[in-house]
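Please look over the fold below before reading on.

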Amino acid sequence: MRDLDCGERAVYLLFELRRVNCKWCGVKPEYLSFVSPNANYSERFVLAIGKQCRVMAVTDIARLMRLDWNTVKDIDKIYMKEQLRRAGHPKPRVIGIDEISIKKRHVYRIVVSDLDQKRAIWFGGDGRSEADMDMFYAFLGKKAAKKIRLAVMDMWKPFRNSTRAHAPKAAILFDKFHVLRHLGEALDKIRKTEYARVTGDKRTFIKGQKYVLLSHRENLTNEGKHSLKLLLKANKRLNTAYILRESFDQLWTYNSEAWARKFFDNWKAQLRWQRLEPYEKFANMIEKHWDGIAAYCKPENKVALGFVEGLNNSVLQNKYREEAQHELTDYVKAA
């Protein structure tokens, strides 16, 4: 049985494991506390590998510990099952709902997080339909679902319908980052429209400036800030659209729905005569989903909205890193 290494040397334990003939459950191997569910490895070895899987790619761990990739993956599953057992069945009061793309051609899985405990509690479904979301509430149970007081999600209708059906006491709050993503897409459409509209030297200020325009100013390098300044000076319509995008962040600072509504009405009024059609469509979308945005004004709903987005980015980074390493391994073998 493989145990923790001693320096650079792999350590194996050799011992006799008795088999017990139980009259109730038949012949079973005796229970030893230091043996993991996979009898080829000790409990502390599995624990160590599981902790490494939290911060390292499976391929890296397999190479470092001289193990097969599938073995490390199996050990990680054992570790995660033990963590789930220790955590107990989730009883969340505030949940975050989002989907991640796991394959091309729009293949999705749903990720649900407990925002109070700041941990993922469910990953599943065969897509992002209402039936897939219902699977989470079936896992959670009716009693626990009725105790949810707030559900943070994007503006995807199936998520709302399922939540309203299974967690009727939960207020629905639309995630700020998903709303701002729609606004960023609208700004990019305006950039493309302006590139098609202008001619000559004016195009050179717009071409290749998507990242500069969509990023917040404080995240840009000095070179990026200089490019942004030239772009906004050269194109009045993009300058207006950029200022409106930057000011929209203020919507989430209000503790009163009345003041938040007044701000949005003023923001929307600034679109008149600007010929910014993507922004007008965005404003109409906000109107239709206002209740789920205004819910953030209530003090009890001031939750950490960035956790779900950060969790999903972490999942995606690990997935893409594993795919890249597998592709590199296949390439080396082929060579």
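In which helix does R237 lie? R237 is part of helix α10, residues 236-247. Helices here are DSSP runs of H or I with at least four residues, strands are E runs of at least two, and both are numbered from the N terminus.

This is a predicted model, where local features need pLDDT of at least 70, side-chain atom pairs count only at pLDDT 80 or more, and totals for chains, interfaces and linings use all residues. Residues are numbered from 1 along each chain as its sequence is written, and side-chain values use heavy atoms, with hydrogens and water left out.

**Buried sites**

Buried means under 20% relative accessible area, exposed over 50%, and partly exposed in between, with a 1.4 Å probe and protein chains only. R237 counts as buried because its relative accessibility is 16%. L251 sits in the loop between α10 and α11 (257-269). L251 is buried too, at 4% relative accessibility. Its C-alpha atom is 29 Å from that of E130, 121 residues apart along the chain.

D154 occupies the loop between β8 (150-153) and α6 (157-166). A polar atom of the D154 side chain does lie 3.0 Å from the backbone nitrogen of W156.

The table lists contacts (heavy atoms within 4.5 Å), leaving aside neighbours within four places in sequence.

| Residue | Contacts |
|---|---|
| D154 | I97, D98, E99, F159, F174, H178 |
| R237 | E194, R197, Q274, R275, L276 |
| L251 | A260, F263, F264, W290, I293 |

**Hairpin**

Strands β6 (residues 107-114) and β7 (residues 119-124) pair antiparallel over five bridges. Pairing requires at least two DSSP bridges. S113 faces A120 in β7. Four residues separate the strands, and K118 takes a positive phi near 55°.

**Whole protein**

The protein has 14 helices and nine strands. Buried residues make up 40% of its 335 residues. Its radius of gyration is 26 Å, whereas a compact globule of 335 residues would have one near 20 Å. That radius is taken over C-alpha atoms, and the globule rule is 2.2 Å times the number of residues to the power 0.38. Along the principal axes, the C-alpha atoms fill a box of roughly 85 × 55 × 35 Å.

Key:
Polar contact = N/O pair within 3.5 Å; in protein donor to acceptor, adjacent residues only side chain to side chain.
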